[in-house]
Amino acid sequence: MAENIYSKGTKVWFPDKELSWISGEVTSLTRNPDDTVKLVFVDDRGKETTINTTVKEIKDGREGLPPLRNPPLLETADDLATLSHLNEPSVLHTIRNRYAQHSIYTYSGIVLIAMNPFQRVTLYGPEIIQAYSGRRRGELEPHLFAIAEDAYTAMSRDGTGQTIIVSGESGAGKTESAKYIMRYLASVNPPDAKSRARTKASLDESSEVERQILATNPVLEAFGNAKTTRNDNSSRFGKYIQILFDGKQEIVGARIRTYLLERSRVVFQPLTERNYHIFYQLCAGAPLKERKDLGLDTDITKFHYLKQGGPSSTPINGVDDGEEFRQTQTALSTIGISVEKQWAVFKLLSALLHLGNIKITSMRNDSSIDDTDPALQLSTRFLGVPLADFQEVDC
Ligand SMILES: Nc1ncnc2c1ncn2[C@@H]1O[C@H](COP(=O)(O)OP(=O)(O)OP(=O)(O)O)[C@@H](O)[C@H]1O
């Protein structure tokens, strides 16, 4: 019945140019004997809207009828699946209300929706890990740790692999969320341990393999993340991380597969954006001798491949590239890459930077590179390519 869906005082939503959606309510409903219905609404700006419809159209949910608003009690529900009216404005409004109360997570059935807080939040400490470990979903506030715990429990119980998919637009918080999930999994004890959650002290003493797994993050970010207009630390690749457990549910290793690295960024960056972090880290953090040997400079404007984003692209607010370089080196060592190999990689990166500085002179039907071009000499030396061979390559 029309009166059951819309009646005087029923709260609804209207589209709004400024706010996306604005609240309104039914101020009168007239049902005629021929089952036509006249609905009058007033929104929060005082604008009146009249809709002529029929009982059948209301029952069928005709397009164009304003979506219904939920009762206030449900408007901060921690699971969208419990909303009486599940429509776009109700979903957005509930998530917004929760965000205003500092609850950045909301469930939607088995899915966890995360709103990026864009600031440090005290939600991920060892005491919170302890609180979620061994608890069922729904016992505590929605959280990434509850999702990780669910996956861990299902794996232990059923002995089958579990998958957590993290998706969202650029800057939504996927990388951060995946790191917290990894940290959680690296921090919980197997189900038969005396205590499900580690104490703070034993959290600090995580095993070598757990530390190695967590150390993959700074490495992947140094080589695969860059500043973009949307995100200062944007992952320019997709990744599939497998965390491997033994029969006792203890972590024994990890496998990481990466996909579709944005390779073009190495040679070109749009205005305000940067190349991959590692290049800036290397220039800022290489010790004096190595910097000299590799022909690097702390002034990144000396390199064509680093300066195309313009002066506002670097440094990144709150990021010390030199310090990050040391952290990348430590992480590389933790995952077992020798210092010698690390410098072989850094030499290759330096070769790329010098390649970008080679001056190519175009002639009528040809082009040439001057033998004495220092960028040519350095890049070929670091790549181990004879200078003459390089000059002759047809592009
Ligand atoms: N849970 C969080 N707590 C605090 N800050 C966060 C959180 N999640 C994201 N951020 C902030 O938002 C920024 C962007 O997040 P993140 O890099 O995870 O996005 P993304 O979805 O992986 O983006 P991209 O697809 O561009 O890689 C982070 O650098 C961080 O500053």
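Two strands are said to pair if DSSP finds at least two bridges between them. Helices (H or I, at least four residues) and strands (E, at least two) are themselves DSSP runs, numbered from the N terminus. The structure above is a predicted model, in which local features need pLDDT of at least 70, side-chain atom pairs count only at pLDDT 80 or more, and totals for chains, interfaces and linings use all residues. Residues are numbered from 1 along each chain as its sequence is written.

The confidence of the prediction comes first. The pLDDT is the predictor's confidence in each residue, from 0 to 100. For the protein chain its average is 93, and 94% of the residues score at least 70. Where pLDDT is low, the predicted coordinates should not be read in detail. For the complex, the predictor gives an ipTM of 0.99 and a pTM of 0.90.

Next comes the chain as a whole. Its secondary structure comes to 15 helices and 12 strands. The C-alpha atoms of the protein chain fill a box of roughly 95 × 70 × 35 Å, taken along the principal axes. The radius of gyration, taken over C-alpha atoms, is set against a globule rule of 2.2 Å times the number of residues to the power 0.38. A compact globule of 395 residues would have a value near 21 Å, whereas the protein chain has 29 Å. A residue is buried if 20 or more other C-beta atoms lie within 10 Å of its own, exposed if 12 or fewer, and partly exposed in between, with C-beta atoms placed from the backbone. By that count, 28% of the 395 residues of the protein chain are buried. Two residues are in contact if their C-beta atoms, placed from the backbone, lie within 7 Å. Among the contacts in the protein chain with a separation of 6 or more, 51% join residues 24 or more positions apart.

The strand pair β5 and β6 is a place to begin reading the fold. Strand β5 (residues 105–108) runs antiparallel to strand β6 (residues 111–114), and the two are paired over 4 bridges. Y105 stands opposite A114 in β6. The hairpin of β5 and β6 has 2 residues between the strands, and G109 there takes a positive phi near 65 degrees. I110 also has its place in the loop between β5 and β6. I110 counts as exposed because it has 9 C-beta neighbours inside 10 Å.

A second hairpin is formed by β9 and β10. Strand β9 (residues 238–245) pairs with β10 in the antiparallel sense over 8 bridges. F245 stands opposite I251 in β10. This hairpin has 5 residues between its strands, and Q249 in the turn has a positive phi of about 65 degrees.

Some backbone angles elsewhere deserve a look. Most residues other than glycine have a negative phi, and most peptide bonds are trans. H102 has a positive phi near 65 degrees and is not a glycine. H102 lies in the loop between α3 (88–100) and β5, and H102 is exposed because it has 10 C-beta neighbours inside 10 Å. T272, also not a glycine, has a positive phi of about 75 degrees. The loop that holds T272 is between β10 (251–259) and α9 (277–285). With 14 other C-beta atoms within 10 Å, T272 is partly exposed. The peptide bond from T314 to P315 is cis, with omega near 0 degrees, and P315 lies in the loop between α11 (304–307) and α12 (321–334).

L73, in the loop between α2 (55–60) and α3, counts as exposed because it has 7 C-beta neighbours inside 10 Å. L355, in helix α13 (residues 339–355), is buried because 20 other C-beta atoms lie within 10 Å.

A residue is near a molecule if its C-beta atom, placed from the backbone, lies within 6 Å of it. The ligand is surrounded by 17 residues, of which G173, K174, T175, S234 and S235 are the closest. The largest share, 3 residues, comes from α6. Ala, Val, Leu, Ile, Met, Phe, Trp, Tyr, Cys and Pro count as nonpolar, Asp, Glu, Lys and Arg as charged, and the others, Gly among them, as polar. On that basis the shell divides into 4 nonpolar, 10 polar and 3 charged residues.
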